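Colleague: I'm new to reading models like this one. Could you walk me through it, one question at a time?

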Amino acid sequence: MPELFAYTDGACSGNPGPGGWGVLLRAMDDDTIVKEKELSGGEGETTNNRMELLAAINALESLARPSTITVVTDSTYVKNGVTGWIFGWKKNGWKTSNKKPVKNVELWQRLDEAQARHKVTWEWVKGHAGHPENERADELARAGMAPFKKKKSA
């Protein structure tokens, strides 16, 4: 049975500003790539954190059936949120420890629902550090953002 990996990244030009998300999905058998799929998208006015979340959400929502998958992100926001903070937020009615509403709550709830179908292992990698799959996810995120970037007038 091949191992599944999702390499995810988000990008934003200005924060907030136009943004994009990218996902490299890969099925591996030992060290051999069995199947690969790329996903990307974007929004005209968003934040980097929202794009990082949407990359992870789209990776998990794109899986047709419950799967065992490793999601690799360069976002400590996503990694720490989904493996730690989210448990307190849910217990506190989606409020932070300061009793403030959780930022991007609808995306956190969507991610929580998306991962509930799967057995997910979350891994963090340093961004822009030459990790080939993370670099590809970054390229996909930038491609997803491209249609939303305003053309600069000469």
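Colleague: Is Asn134 buried or exposed?

Modeller: Before I answer, this is a predicted model, where local features need pLDDT of at least 70, side-chain atom pairs count only at pLDDT 80 or more, and totals for chains, interfaces and linings use all residues. Residues are numbered from 1 along each chain as its sequence is written, and side-chain values use heavy atoms, with hydrogens and water left out. Now, buried means under 20% relative accessible area, exposed means over 50%, and partly exposed is in between (1.4 Å probe, protein chains only). Asn134 has a relative accessible area of 3%, so it is buried.

Colleague: Which residues does Asn134 touch, leaving out those up to four places away in sequence?

Modeller: Asn134 sits in helix α4 (residues 132-145); helices here are DSSP runs of H or I with at least four residues, strands are runs of E with at least two, and both are numbered from the N terminus. A contact means heavy atoms within 4.5 Å. By that rule, Asn134 touches Thr8, Asp9, Asp74, Val125, Lys126, Gly127 and His128.

Colleague: How far apart in space are Asn134 and Ala6?

Modeller: Along the sequence, 128 residues separate them. In space, going C-alpha to C-alpha, Asn134 and Ala6 are 9.7 Å apart.

Colleague: What pattern do the helices and strands follow along the sequence?

Modeller: The protein chain has 4 helices and 5 strands. Read along the sequence, they come in the order β-β-β-α-β-α-α-β-α.

Colleague: What radius of gyration does the protein chain have?

Modeller: The radius is taken over C-alpha atoms, and the globule rule is 2.2 Å times the number of residues to the power 0.38. For 154 residues, a compact globule would come out near 15 Å. The chain agrees with that, at 16 Å.

Colleague: How far apart are the end C-alpha atoms of helix α2?

Modeller: Let's work out what to expect: the span is 1.5 Å times one less than the number of residues. Helix α2 (residues 76-91) has 16 residues, so it should span 22 Å. The model agrees, with its end C-alpha atoms 21 Å apart.

Colleague: Where does α2 bend?

Modeller: A bend is the angle between axes fitted to the seven residues ending at a residue and the seven starting there. In α2 that angle is about 55 degrees, and the place is Trp85.

Colleague: What covers the buried residues of α2?

Modeller: The buried ones are Tyr77, Val78, Gly81, Val82, Ile86 and Trp89. Gly84, also in α2, is partly exposed, with a relative accessible area of 34%. As for the cover over the buried residues, it includes α1 (48-61), β4 (68-73), α3 (105-116) and β5 (119-124).

Colleague: Is Lys99 buried or exposed?

Modeller: Neither is a glycine, yet phi is positive in both: near 60 degrees for Trp94 and about 65 degrees for Lys99. Trp94 counts as buried at 17% relative accessibility. Lys99 has 61%, so it counts as exposed.

Colleague: Which residues does the cis peptide bond with omega of about 15 degrees join?

Modeller: Look at the loop between β1 (3-12) and β2 (17-29), which is where Pro16 is placed. The cis bond there joins Asn15 and Pro16.
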